[in-house]
Amino acid sequence: MSISRRNLLRVATSVAAMSAVGKLHSQTAHKVVVVGGGFAGSTFARYLSLWGGGKFSITMIDPREGHSSCVMSNLVLTNELSLSQLTFDHQSLADRFGFNTVMASVAGIDTDGHQVNLDDGSSLPYDSLVLATGIEFEDIPGYDASLVPHAWIAGTQTEQLQSQLNSELPPGGTVVMTVPKAPYRCPPGPYERACLLAAIAQRITNDAGGTGVHGTPRVVVLDANSHIQAEEATFTAAFNGLYGGVIEYVADAELVSVDSENRSVVTTAGSYSSDVLNVIPNHRAPALLRNAGLTAGSAWAPVDPVTYETRVAGLSDIYVIGDAQATGQPKSAHMANAQAKVCADAVMRKQAGLSTHSAERLANVTTNSACFSPVNFTEAAWLTAVFRYNLAADAMELVPNSLGASDGWDRESYREMYTWASNLFSDTFV
């Protein structure tokens, strides 16, 4: 397979949409409830509406009026973008594609009664339930996100970290950030952020008179993993080259506790204090899924990788897409978009009484994950990978020779990052 930077600029459909839309046989519209309006949920609602021929009654539930994209959100920290430029209105998408939206939180799932219970006491029945809930953070002793932002769910947290960097990081100051244990959302994301934090710290110091006056700024990266989890060669080169003497990378530094008031942490590799502290806790599927038994006692939800329907015995007509699923594929926005299309096709086929596991379909179930990572204010690197269903392993596996990565970073990739993001946003939220 030919891999190039330009392959990343396209957002391809992961399966061919079911051609026999007319075979959908229910005279009453099939009720589909989608929980979550991020990359997975919005893509699913968009494409099921687009492909479904009016045979589905779709309701998307989200507690917010719009979705703020984690993709490109590190550029809010550098003041390159504003959060409003990365926020997409749910109702505009719903109006264009003809589905319903409800602004509410889901209190629980009645799997026996096939309904979701909302926090206002009302409920919504479903024939098919699609959970695109994203992530939840594991608890950390002493951690208070109102004082120490994670900025790993884009929104007010992103703006809080931006504000702290702009107003509370002194010239020659210290930033400490933590990297969660894999798997986590956006494998290269923490290392991208580390590079941009170092660039910000350098800029603040240089604007104030340089290191000769204030000392060298310091960014300590405390990684709970044994090594850099994505684009290892690129980020190692950036840490040691672009930011040599600024970034201190510490592997196997699992977070033990946080002193949020004093912006310090205790890890298995020692204790660290900072002027600005960015803690990114370990991830898991949200309590909504765990309480419904959809994670089978683990951190993530086991699903059939060719439909995304739950594999928990006794439960049916429930699908999990995006970050909360446990297929082993990367937890990324691009991947969530791809999984949503596979799932939409599967829901259509099941409702039409067609096989979701025909030999032809299994041979064509593919997904891909792609991203660009800015490493400073003008240059970026890129990464892409393709996954295909392997019948013998009953799993999505990396296609041989499909893993592509840039050789370092450059200005053209920084420019093309905006094209890639624009295409992904358009294919999801517009």
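The following paragraphs treat the cores, then the helix, then the sheet.

The model is predicted: local features need pLDDT of at least 70, side-chain atom pairs count only at pLDDT 80 or more, and totals for chains, interfaces and linings use all residues. Residues are numbered from 1 along each chain as its sequence is written, and side-chain values use heavy atoms, with hydrogens and water left out.

A nonpolar core is a set of buried Ala, Val, Leu, Ile, Met, Phe, Trp, Tyr and Cys residues joined through side-chain atoms within 4.5 Å; buried means under 20% relative accessible area with a 1.4 Å probe, protein chains only. The largest such core holds 116 residues, and F44 and L131 have the most contacts inside it. Helix α5 (residues 189-207) supplies the largest share of this core, 10 residues. Another core, of 13 residues, lies apart from it and includes I140, V176, Y272 and L277.

Leaving aside residues up to four places away in sequence, F44 touches (heavy atoms within 4.5 Å) V32, V34, V130, I321, A340, C343, A344 and V347.

Helices (H or I, at least four residues) and strands (E, at least two) are DSSP runs, numbered from the N terminus. Of the 19 residues of α9, 18 are buried, so this helix is largely enclosed by the rest of the structure. Just after α9, G353 adopts a positive phi of about 75°.

An open sheet is formed by 3 strands in the order β6-β7-β8, with antiparallel pairing; two strands pair if DSSP finds at least two bridges between them.

| Edge strand | Residues |
|---|---|
| β6 | 106-110 |
| β8 | 123-125 |

Strand β7 (residues 115-118) is joined to β8 by 3 bridges, and V116 stands opposite L124 in β8.

Methods:
Buried means under 20% relative accessible area, exposed over 50%, partly exposed in between (1.4 Å probe, protein chains only).
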